[in-house]
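Me: Please pick one part of this protein and take a close look at it. I want to know what sits around it and how it is held in the fold.

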Amino acid sequence: MDKIEYRVLGDSGINVTAMGIGTQAWGKESFGYGSRYTEKDVFEAFQASLDAGVNFFDTSDSYAKGESERLLGKFFKNDGRPVVIASKFTKSKWYDPGNYKSPKDVLPAIDNSLNNLGLKQLDLYQMHYPESQSKINGYLDALAETVKSGKAKSIGLCNFSADRLRYAYEYLDKKGVTIASNQIGYNLLFRHPETNGLLKTCDELNVAPIAILPLAEGILTGKYRVGGLDYPKNVKSIMKVTQLDIFGTGHPTFWFKSLFKKPYELEREKLEPLFELMENIASSHQATIVQVALNWLLNSHPKMIYIPGAKNLKQVSDNLSSLKWKLTSDEFQKISKLERELWNNYK
Ligand SMILES: NC(=O)c1ccc[n+]([C@@H]2O[C@H](COP(=O)([O-])OP(=O)(O)OC[C@H]3O[C@@H](n4cnc5c(N)ncnc54)[C@H](OP(=O)(O)O)[C@@H]3O)[C@@H](O)[C@H]2O)c1
């Protein structure tokens, strides 16, 4: 395997592997946990990741009501190898993890996450969703308090648009606390951060962009392409919600049209030329389509960190194999160009 690539979480000095592991599906019955995959499967995925040198794991208090944190905590305690752990504060209206309703709930929430994980300090503590302008300062102050109290080494945001990110960054910067990262939807089929100012703002502020849904919830594996599986219900609804762009992190003017339009990611016939190209490139590297999609992300931006979710050893091994080879710049350009043509024809 080539030397694994590390990237820094903003100005925090914390080094993480460019590819981390997302654990949203760990413990979550609605994603098939307990029926399609089990604790043994996710434990094997965890171990294989560490074996390959991956050190970064992303979880949240809201994933399976804390079960993702508990599983992760149990795994790294049993394993003993060093890991970098990111978790999140989720206000209760989203998933009701702990009835968290106001900034004063942030410190109890991080205590709960630390307890679930069996840790004294989190490497990265993130605000899961943005807040309205009238309430945001209180949450940012509370987030800063997690660093000042030593409960978190660094703090990050999720789903903050370019304007919201800049506001939050400057507000905390004046108080001597630096935002390290922002989780944003970004993958080969969702490239709006390239044009909506998000990546530019991350660069200007030195905030690490962390790509969520890097495989478009499995669509970028090619398994739902023409002739493949039907899109599962959860995949369809996640794509619809993403398209609605509730937080303004997507296409700046597309949301109204999107109320009535099938999401781009679900247009399998229109996307087939891209999957054909990815398949051809994959076969010339003895690789798979999913590896091409992850390799594209690695090359997409020099500071991009991406955290594909995996439910078992087979998936994680396939994803980890993307670290063994690199797309040529010609291959990268061809894929990028074709995808833009398909998007422009669709929108
Ligand atoms: N901050 C936020 O608001 C936010 C939101 C969403 C996600 N996230 C983070 O981002 C991470 C990644 O997102 P995600 O896990 O939802 O989506 P994803 O990484 O785009 O897709 C993961 C899913 O794709 C399928 N898959 C993965 N590797 C595969 C392979 N090699 N072959 C076939 N199928 C494969 C699996 O589902 P199936 O087996 O069911 O196909 C897996 O659960 C999350 O785990 C979470 O940590 C954060």
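Reply: Start with a term. A polar contact is a pair of N or O atoms within 3.5 Å; within protein, one atom must be able to donate a hydrogen and the other to accept it, and residues adjacent in sequence count only if both atoms are side-chain atoms. The model is predicted, so local features need pLDDT of at least 70 and side-chain atom pairs count only at pLDDT 80 or more, while totals for chains, interfaces and linings use all residues. Residues are numbered from 1 along each chain as its sequence is written, and side-chain values use heavy atoms, with hydrogens and water left out.

The part to look at is Asp 58. Its side chain makes a polar contact of 3.1 Å with the side chain of Gln 126. Another polar contact, of 2.9 Å, links the side chains of Asp 58 and Gln 183.

Asp 58 belongs to strand β4, which spans residues 56–58. Strands (E, at least two residues) and helices (H or I, at least four) are DSSP runs, numbered from the N terminus. Is Asp 58 buried or exposed? Asp 58 is buried, with a relative accessible area of 2%. Buried means under 20% relative accessible area, exposed means over 50%, and partly exposed is in between (1.4 Å probe, protein chains only).

Now the neighbours of β4. Two strands pair if DSSP finds at least two bridges between them. β3 and β4 run parallel and share two bridges. Across that pairing, Asp 58 faces Gly 22. On to β5: three bridges join it to β4, again in parallel. Here Phe 57 stands opposite Ile 85.

Strand β5 (residues 84–89) is mostly covered, with six of its six residues buried. Val 84, Ala 86 and Lys 88 point one way, while Ile 85, Ser 87 and Phe 89 point the other. How does the chain get from β4 to β5? β4, helix α2 (residues 67–79) and β5 form a right-handed β-α-β unit. Right-handed means that, with the strands pointing away from the viewer, the path from the first strand over the helix to the second runs clockwise.

Next comes β6 (residues 122–127), which pairs with β5 in parallel over four bridges. Lys 88 stands opposite Gln 126 there. That is the Gln 126 whose side chain contacts Asp 58.

Step back to the sheet. Eight strands form an open, parallel sheet in the order β3-β4-β5-β6-β7-β8-β9-β10. β3 (21–22) and β10 (305–306) are its edge strands, each pairing on one side only.

A polar side-chain atom of Lys 311 lies 2.6 Å from a ligand oxygen. For Pro 214, a polar backbone atom is 3.4 Å from a ligand oxygen.
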